[in-house]
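Here is a friendly note to read beside the picture. Take a moment to look before you go through the points.

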Amino acid sequence: MSRNGVSATIPLQQLVSDPAENIYAQPGDVLTLVRVPQTFSVFGATGRNAEIPFDAEKINLGEALGKSQGLNDDLAKPEGVFLFRYEPNSVIRALDQPIATTARGEVSPVVYRFKFRDGNTYLLAQQFPVHDKDVIFVADAPAAQIYKFFTALNNVTGPFITGIVTCHYAKC
């Protein structure tokens, strides 16, 4: 909203949910609605690697992983789920952690690690909020590279072996 050369911005959901934020429009006011979707990115051993819109006001880690089609059973390392974000330095200090040397301004990069082999982590994932522009990375399991190698090998040798077996039984 712009009034008398002064502009203010507020998320529509906050305006609707908090009556104190609601003000009367006056002649000459300019109201502009801009859609700025919140997104998070997911990479690694998930069913979907993409930038994904929230589609809700708030989302937690469990919901975010669900939107990415979850951890890939064959490839994911359940104790290797990481969430990357910038946190205010006040949060870093409250966690009694050092401010990163690469900190910009009043925010510092933080990496949260989740170990989904522990059942309590599933409960934590339902409570842990995902913020706009967070990045989630799911590491590969140690055997994932071997699995990928044998899958590639099968794609190359499979048709050849199928041809030999078919020819053997068809008496080519």
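Which pattern does the protein chain follow when read along the sequence?

1. The order of elements. The pattern is β-β-α-β-β-β-α-β-α-β-α-β-β-α. In total, the protein chain has five helices and nine strands. Here helices (H or I, at least four residues) and strands (E, at least two) are DSSP runs, numbered from the N terminus.

2. How to read the model. This is a predicted model, in which local features need pLDDT of at least 70, side-chain atom pairs count only at pLDDT 80 or more, and totals for chains, interfaces and linings use all residues. Residues are numbered from 1 along each chain as its sequence is written, and side-chain values use heavy atoms, with hydrogens and water left out.

3. Two strands count as paired if DSSP finds at least two bridges between them.

4. Strand 3 and its partners. Strand 3 (residues 39–44) runs antiparallel to strand 4, joined by four bridges; Thr 39 has Pro 53 in strand 4 as its bridge partner. A hairpin of five residues links strand 3 to strand 4. Strand 3 also runs parallel to strand 9, again through four bridges, and Phe 43 has Phe 137 in strand 9 as its bridge partner.

5. Strand 9 and strand 6. Strand 6 (residues 76–88) pairs with strand 9 (residues 135–140) in the antiparallel sense, over five bridges. Leu 83 has Ile 136 in strand 9 as its bridge partner.

6. Among contacts (heavy atoms within 4.5 Å) with a separation of 6 or more, 61% join residues 24 or more positions apart.
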